[in-house]
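Please look through the structure shown below, following its charged pairs, one of its loops and one of its helices.

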Amino acid sequence: MESNRTVDSPATVGLRGRCPRCGEGHLFKGFLSFRPSCEVCGLDYRFIDSADGPAFFVMSIVGIVVVALAMWVEFAYEPPMWVHAALWVPLSIGLSLILVRPLKGMMAALQYSNKAAEGRFR
């Protein structure tokens, strides 16, 4: 049975945690572990190597947001340091946990769509 459905963009499919080829199967088996293959189309996920890419983007995004908010709160209200710790540590942890899985999925989908592979010498 052939499907006429077109697969969404790699970024959309990856952010949803779906298979980069069919857009239907699940990409993850746990919080951050990839499944061995897609349960719908059978795509083997062994090619995926997101390495430190998602962590870099999570740290960059969370860092920019938290530092900007912390500076705004400091200049506007001048709270004691314990207030900063109480606000920004949970926000940093929460944002990191929210962002890491979608960004890891997006990196995997982009890797598939761009046919990225390990560099080789001729």
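Asp-44 and Arg-46 form a salt bridge in which the closest N and O atoms are 2.7 Å apart, a salt bridge being a side-chain nitrogen of Lys or Arg within 4 Å of a carboxyl oxygen of Asp or Glu. This is a predicted model, in which local features need pLDDT of at least 70 and side-chain atom pairs count only at pLDDT 80 or more, whereas totals for chains, interfaces and linings use all residues. Residues are numbered from 1 along each chain as its sequence is written, and side-chain values use heavy atoms, with hydrogens and water left out.

Within the pair, Arg-46 counts as exposed at 71% relative accessibility, while Asp-44 is partly exposed at 29%; here buried means under 20% relative accessible area, exposed over 50%, and partly exposed in between, with a 1.4 Å probe and protein chains only. The structure holds three salt bridges. In another of them the side chains of Arg-16 and Asp-8 meet at 3.1 Å, N to O, and both partners are partly exposed, Arg-16 with a relative accessible area of 39% and Asp-8 with 35%. Arg-35 also forms a salt bridge, with Glu-39, their closest N and O atoms being 3.7 Å apart; Arg-35 is partly exposed at 28%, as is Glu-39 at 42%.

Ser-50 lies in the loop between α1 (10-16) and α2 (53-77), where helices (H or I, at least four residues) are DSSP runs numbered from the N terminus. Ser-50 counts as buried because its relative accessibility is 11%. Apart from neighbours within four places in sequence, its contacts (heavy atoms within 4.5 Å) are Phe-34, Lys-104, Met-107 and Gln-111.

Helix α3 has 33 residues (81-113), which at 1.5 Å a residue should span 48 Å, and its end C-alpha atoms are 46 Å apart, in agreement with that value; the expected span is 1.5 Å times one less than the number of residues. At Val-100, α3 bends by about 30°, and a proline, Pro-102, follows within four residues; the bend is the angle between axes fitted to the seven residues ending at a position and the seven starting there. The buried residues of α3 include Val-83, His-84, Trp-88, Val-100, Leu-103, Lys-104 and Gln-111, and what covers the buried residues of this helix includes α1 and α2. After α3 comes Lys-115, whose phi is positive, near 55°.

Conventions
Helices (H or I, at least four residues) and strands (E, at least two) are DSSP runs, numbered from the N terminus.
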